[in-house]
Amino acid sequence: MLYCMEKSVVHQAPCTKRDAGRKLPELLAPAGSTEAFHAALAAGADAIYVGGKRFSARMHARNFTEDELAQAVAEAHAAGCRMYVTLNTLITDAELPEALEYAITLHTMGVDGILVQDPGFAAISRVVIPSLPLHASTQLFVHHEPGVAWARDHGFVRVVLAREMSLDEITAIGEEMGGNGIGLEVFIHGALCYSYSGQCLLSSVIGGRSGNRGMCAQPCRKPYQLVQRQDDRETGEPLTVVRTDGDYLLSTRDLAVYSCLDRVLCAPLTALKIEGRMRSAEYVAVVVDIYRKAMDAIANNTWVPSEEDLRDLALAFNRDFTTGYISGRSPGEVMGRQRPDNRGIPLGVIRSCHPGRNEAVVAPYEDRVPSVGDGIEILPRDGGTGFGCAIRSPPGRVPGGYRIRVSRHCSPGDRVQLTRSRSLEDRVRGILERRNDRRTPIDLDLTLTEDRFPILTGRFCTLDGRVITVTCRADFCLNPGKTSPLTRDGIRSQLTKSGETPFSVRKFSIHYPGGLFAPLAALNRFRRDFFRKAASDLQAAYRPNVDDLALCRERAKPVLARLSAGSHRAGHATIPILACYTDSPDCAKEAVAGGCQRVYFEPSVDLIPERKNRGTILQMLDAAGSIAKSTGAEIFWKWPRVTRQTFLATVSRLLPRLDRTGISGVMVESIGLAETIQKMNPALIVTGGAGLNVTNHRTADTLCPPLRGVTLSPELSGNEMQELARRIGSIPTALEVLVQGNLEAMDSEDALPALVAGKAGARMVRSSWGIRDETGRVFPLSRDSMGKTRIANAVELCLVDHIPFFSRNGISILTIDARGRTPAYVNAVAAQYRKAIAVANESPDEWDHRLGGIKEELKRRSRGGITQGHFTTDFGGYA
């Protein structure tokens, strides 16, 4: 089983906790094209998720036009399959009207739900289209119980949990939330992201292609070098390249929980999701078919993991498989750093090669021999680029292996991979031939009126259990038959021919005295009329009724008018205060000395194992709080972006006594935490960081209160920030902007330096580690208090030029991210920004003259140079 590195999983004991009476979770399949959609239907998906031409997190897929969507929704419902559409990107104020109109169009089609990332758009949809189910996309970054509770309280009926969560965490949340109106969905197969979904800005900061807009360029699949500084200098290139086992440091394996699927089915889950809207129809057919059969077999207690199924999953596509974090795998077992592309299946190694005859002898693994029609790839043993060739003639057996013809020279020791299988293609064809087998069962009942007019009544069930009754009266009567009266069997034969309709007749009852006659053409016409009406009623059963649509459109009118109108008030000018992120008391002290009125303190304390250093963190918070007491500055406890249940358990006992330390409040970066903190200590101010992805005024209004302020997404342009600031409904809400520092671009479970440095690397001494790309850019690495890896942009953001703009538009807090930097850097940079704020607001006539010197000093102290990021370019990203 060389294509699946986790051999032991197949032999694990099956789950014994599954409730035999519990309904199987929904098997949810991807479709990035109409061909993939039909493949998912044929393979047995319970539901399919697709994207349109905009607002989809997979904009590189072919996706669906509105006409194609309408047709697919109708086909899915006819086959007894649900249909979800993704609107799972961040949305700016300018786009909210179009997004809402699109959602109304989808509701009119009868889609069964929409997947949403943007909280503001979700809030608008809930008001205007309350009957359209909302699913929280994994892009919403829900990775703890408070996040699930927030989603439930804000109208979501389902949450797609972060892929990093373990089965134990998921089960605990499911049991806590059981019966509370929220379903849990998890990924079970497909590509994994290096970063937590919704928190990856790497593609965005490198090339302006935002993953939060569906345009990710996948820089995580590129080669990088792990580098370390020789000293604690603030600037300069790292001097040491650290050797690693593999160059693709950020590349993950592909998820495949097949081997432990029975354990996953023991969890209280609503849906199991397959990733792959960028994959082919053949991929979708194979993967869905295998999981469909496995789930059904588990439900019947007849399942045994199949090596053949694992092989076919690997042949469909694999970067090596992992059962992932959901099964408790460590980051090292999830990563696949050797290569980022399809691996195929290892067949063996080249034993000898005969260039003159274009032949090679292969020493096989486990007697694996390719067949005629298969495709193979030969990979050089030194890791260089390989080449592919087709097997056009049967391999010839030789002692210790087999002989094949190759298209070019190869060398002993080169690896041979099976990348295409004719037998798998035969399997795909068999699956796709089942496309028309899925129909809606219908029960028919034929009666006659007193004057012998036939009436055909049909009953079928919708997916939500409603019974729909269809009645059709014939336009002819049955007359006494003199020579060839109709028989019961003859009538049954004519009226149960469902043909190309979406129905299959399950039962047929007839009330017929016999001895009557009607032309067969009349019976056939009667049957066609009935099924035409039944098909229409089937589609209508899934679409909102006329009254619902009318109310929806009435509710939409004033909302669309407000969203489409110009900003309803001018920007309210303010003098912004200066804030700073730091991770040590010394840096916090220097931030205040440099002119910061607020410090967000994220202690660099190792909280692993749980509660180990609770006393130490309290001491550090006390030290930071003493700065507030002595200077009058505000000190906030900044929580790491990723706050799993272990973190929340660790800090829960600290919150009730936090205000006694002099700490004013807490900064959080994921939904639901503000409500939790307020319950534990109502005296604390809670504000939101950049991880909340605030890109429109409705998101800010939705989160505030309980948040007292939000940090605007660093992916917004100045124009988009201005529009948001002018539209926000709650003027007391503090709007904050990151203006200086290496932006947090990735948050991952991985711990890169631990690859080579053991415990010393895991500690990641401040600012000493980075990864270098092929262009020579170095992206700094750091480690948060829970051991998560943070990767920052290689270039430092610097928006000092735009301080007058921020003042004019009511941005009340300008923030420097100085985590991982020295006290000297913190003091110097804070002082330059303090000076710039003073000049902009007290001596505006001197601004142009004095800005140059300020900016030059910031550039001199920057790490990797400076950039204005997205500020001068609208958030875009759509094709």
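Of the 879 residues of the protein chain, 58% count as buried in this predicted model. The chain exposes about 34100 Å² of surface, and carbon and sulfur atoms supply 50% of that area. Its secondary structure comprises 25 helices and 39 strands. The radius of gyration is 31 Å, close to the 29 Å that the globule rule gives for 879 residues, so the chain is as compact as a globular protein of that length. Along the principal axes, the C-alpha trace spans about 110 × 80 × 50 Å. Among contacts between residues at least 6 apart in sequence, 74% join residues at least 24 apart.

Helix packing was examined around helix α12. Two packed helices are described by the angle between their axes and the distance between the axes. Helix α12 covers residues 422-432, and its axis comes within 11 Å of the axis of helix α10 (residues 307-316), with a crossing angle of roughly 95°. Because angles of 65 to 115 degrees count as roughly perpendicular, α10 is described as roughly perpendicular to α12. On the α10 side, the contact is made by Asp-309, Arg-311, Asp-312, Leu-315 and Ala-316, while α12 contributes Ser-423, Leu-424 and Arg-427. By class, the residues of this contact divide into three nonpolar, one polar and four charged.

Helix α12 also packs against helix α9 (residues 281-299), where the two axes come within 9 Å and cross at roughly 80°. This angle makes α9 roughly perpendicular to α12. The α9 residues Glu-282, Ala-285, Val-286, Asp-289 and Ile-290 meet Leu-424, Arg-427, Val-428, Ile-431 and Leu-432 of α12. The contact of α9 with α12 has seven nonpolar and three charged residues, with no polar residue. Leu-424 and Arg-427 of α12 take part in the contact with α10 and also in the contact with α9.

A further site was examined in strand β21. This strand covers residues 454-461 and includes Thr-457. The relative accessibility of Thr-457 is 12%, so this residue counts as buried, the cut-off being under 20%. Leaving aside neighbours within four places in sequence, Thr-457 is in contact with Asp-443, Leu-444 and Asp-445, with Thr-469, Val-470 and Thr-471, and with Phe-530. The C-alpha atom of Thr-457 is separated by 9.9 Å from that of Ile-442, a residue 15 positions away along the chain.

Methods
Residues are numbered from 1 along each chain as its sequence is written. This is a predicted model: local features need pLDDT of at least 70, side-chain atom pairs count only at pLDDT 80 or more; totals for chains, interfaces and linings use all residues. Side-chain values use heavy atoms; hydrogens and water are left out. Axes are lines fitted to C-alpha atoms, for helices over the stretch in contact, and angles run from 0 to 180 degrees between N-to-C directions. Helices (H or I, at least four residues) and strands (E, at least two) are DSSP runs, numbered from the N terminus. Angles under 35 degrees count as roughly parallel, over 145 as roughly antiparallel, 65 to 115 as roughly perpendicular and the rest as oblique. Contact means heavy atoms within 4.5 Å. Ala, Val, Leu, Ile, Met, Phe, Trp, Tyr, Cys and Pro count as nonpolar, Asp, Glu, Lys and Arg as charged, and the others, Gly among them, as polar. The radius of gyration is taken over C-alpha atoms; the globule rule is 2.2 Å times the number of residues to the power 0.38. Buried means under 20% relative accessible area, exposed over 50%, partly exposed in between (1.4 Å probe, protein chains only). Accessible areas come from the Shrake-Rupley method with a 1.4 Å probe; for residues, only the protein chains shown count as cover.
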